[in-house]
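Let's go through this one as a chat, checking each label against its cut-off. Have a look first.

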Amino acid sequence: MADILTVSALNERKAYVSNFPLEFCQSQVEEYFYRFFGDEVISVYLKTDFVHQFQGAVYVEFRSKDSMEKFVNSSDILIIGDYMLDKMTKLDYYEKIKNEQREQGEKNKEKRSKDNARKKEEKRQDIIRQMTHGAVLHLTNIRTCIHGNRNNCSDDIDETELGYKHIKEYFSDFGRVAHVDYIPGDTQAYVRFEEEGTALEVFKQIGADKGNVLFNNCLVDMDVLQGCSTYKTTLSN
């Protein structure tokens, strides 16, 4: 009774040969291998595309793994007309494809990351272009409670959490505030005024151009975001 070979064992005795003329048919490829390698070749399988067109590559099954390796490792150059054939084991070909797919996957991942970063930057630039020029103040190092700092207040001090209404009320004395972007507990906020250039005027009016500003009993840093720029700008004397 003949031995039943596993798929793995069959693959170990198969070679992958490429760069055949695309006009070759099954019988021409078989004739080539049977003529040069005789009984050592058991079968030849042509790789075709979805419309059954030959892709110029074949799998060749040899009678043994040794005969396949002898064929692959031979220094003999296989030539058909103007075509020089490439050869390797089927397993090496599979490994080559896996590595190429992995590399392509990494390239695709990197490309997606760059595309996402580009889209994010384009969106940010679009927002900046739509931003009223010189109308946004950026505050940092804000004290997060009304009566002291949550991180260093005494336990006997009654604390009230700072909210966007407190910030809006303070800056409304200097100009018409359109919106305050602030999350309670955060140490930074954005104040957008209704009119162009107001933030710059307020910035100078409260003396931020000469140094830190006292806000909520705490010195804060303040910047004017210029709508025509891609970065925030800190004004100075």
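Q: What share of the 237 residues of the protein counts as buried?
A: That's 35%, where buried means under 20% relative accessible area, exposed over 50% and partly exposed in between, with a 1.4 Å probe and protein chains only. Keep in mind that this is a predicted model: local features need pLDDT of at least 70, side-chain atom pairs count only at pLDDT 80 or more, and totals for chains, interfaces and linings use all residues. Residues are numbered from 1 along each chain as its sequence is written, and side-chain values use heavy atoms, leaving out hydrogens and water.

Q: Why is Thr89 called buried?
A: Its relative accessibility is 15%, and the cut-off is under 20%, so Thr89 counts as buried.

Q: Where is Thr89, and what is it in contact with?
A: Thr89 sits in strand β6 (residues 86-89); strands are DSSP runs of E with at least two residues, helices are runs of H or I with at least four, and both are numbered from the N terminus. Contact means heavy atoms within 4.5 Å. Leaving aside neighbours within four places in sequence, Thr89 touches Lys14, Ala15, Tyr16, Met68 and Val72.

Q: What makes β2 and β6 edge strands?
A: The open sheet has four strands in the order β2-β3-β1-β6, paired antiparallel. Two strands pair if DSSP finds at least two bridges between them. β2 (41-48) and β6 each pair on one side only, which is what an edge strand does here.

Q: How do you know that β2 and β3 pair?
A: They're joined in the antiparallel sense over six bridges, and the definition asks for at least two, so the pair qualifies.

Q: Which residues of helix α6 are buried?
A: In α6 (residues 198-205), Thr198, Ala199, Val202 and Phe203 are.

Q: Why are they said to be on the same side of α6?
A: They cover an arc of only 135 degrees around the axis, which puts them on the same side; the arc is that of the directions from the helix axis to the C-beta atoms. On the other side, Glu201 and Gln205 are exposed.
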